[in-house]
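Morning, everyone. Please look at the model on the screen. I'll take rings first, then backbone angles.

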Amino acid sequence: MTLQMDLPTADDYPTRKAAEPALLYRQDPVVWGDAASGPFAPDDVKAYGDRGYTQVRSLVSGEEVEAYRAELKRLSADTDLRADERVIVEPSSDEVRSVFEVHKISPVFADLVNDPRLVDRARQLLGSDVYVHQSRINYKPGFGGGSFYWHSDFETWHAEDGLPRMRTVSFSVALTDNFTHNGALMIMPGSHRTFVSCVGETPDDHYRDSLVSQHVGTPDQDSLSFLANRHGIDVLTGAAGDVTVFDSNCMHGSGGNITPYPRSNVFIVFNSVENTCTKPFSAGRPRPEFLAARDFTPVGR
């Protein structure tokens, strides 16, 4: 019998506990696995370790992209689904912003999270079997797609989900072309080696507000300026079918989209089965499972 302790480990990344923000050194590896143990070439693994991200061009075929777009359109038009808590709408336009736990809602995306093109790369970087911590579709329609402010995913997942270590990787599968002008993802390369501790206690059920507009758990301007001046900002453009793979502690965000050209992606977060969620480190109770899975069954097996 396995005994699982629902208690946090020693906290190397304290956040939302002090009156002042802090910049802390990363205490975890970036690449946990063997650089030669998967589909990524050694140079790609090194680039990921150095910058915190890498991109794989044309990983998904044009035919697959069309199928995913059709599913994206179907989900956004499903009036019954709109009543589901997993669907987030833009406050200004009532357009669908995100659909969470999409691999459980859609058989099409259930296949994608088990796809060896993604899973084998996640295993290579994390050095173990992996499960889906979170999945979602992000819609950013033309003429009104909202922005996502600068943030580290790990800060939220650690504080509110109880994710112990930085052993988590995100895959963003582009379903539309990403230009510099339609709200493309921006990353501060190298920022993944610094943890930004944020201020402000986590309110109860904070996730409800944060999914629309996050305030608690966002980095302060001085820390952002320091990281930007030190590392610069990369704007990640590319074609539909490209995949961006980035570390959970990368400082990233995206601007709004006032162009006619939509930007949409499927976002899948793989976590190591050796890094499962415990009790939240800076919240009264964990977020719902559609945001932070408590089913740690490995995928791709």
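Start with the ring rule. Rings of Phe, Tyr and Trp (its six-membered ring) pair if their centres lie within 6.5 Å; planes under 30 degrees apart count as stacked, over 60 as edge-to-face and the rest as tilted. By that rule, we get nine aromatic pairs. Y13, F154 and F195 make up one aromatic cluster.

Two ground rules. This is a predicted model, so to speak of local features takes pLDDT of at least 70, side-chain atom pairs count only at pLDDT 80 or more, and totals for chains, interfaces and linings use all residues. Residues are numbered from 1 along each chain as its sequence is written, and side-chain values use heavy atoms, with hydrogens and water left out.

Now charges over rings. A charge sits over a ring if NZ of Lys or CZ of Arg is within 6 Å of the ring centre and within 35 degrees of the ring normal. R51 has its charged end over the ring of Y53, 4.3 Å from the centre. R97 lies over the face of F148, and there the distance to the ring centre is 4.1 Å.

Next, the backbone. Which phi value does R16 have? It is positive, near 60°, and R16 is not a glycine. R16 is in the segment before strand 1 (22-25). S58 also has a positive phi, about 55°, and is not a glycine. S58 lies in the loop between strand 2 (53-56) and helix 2 (62-77). Helices (H or I, at least four residues) and strands (E, at least two) are DSSP runs, numbered from the N terminus.

Buried or exposed? R16 counts as buried because its relative accessibility is 4%. S58 counts as exposed because its value is 58%. The cut-offs: buried is under 20% relative accessible area, exposed over 50%, partly exposed in between (1.4 Å probe, protein chains only).
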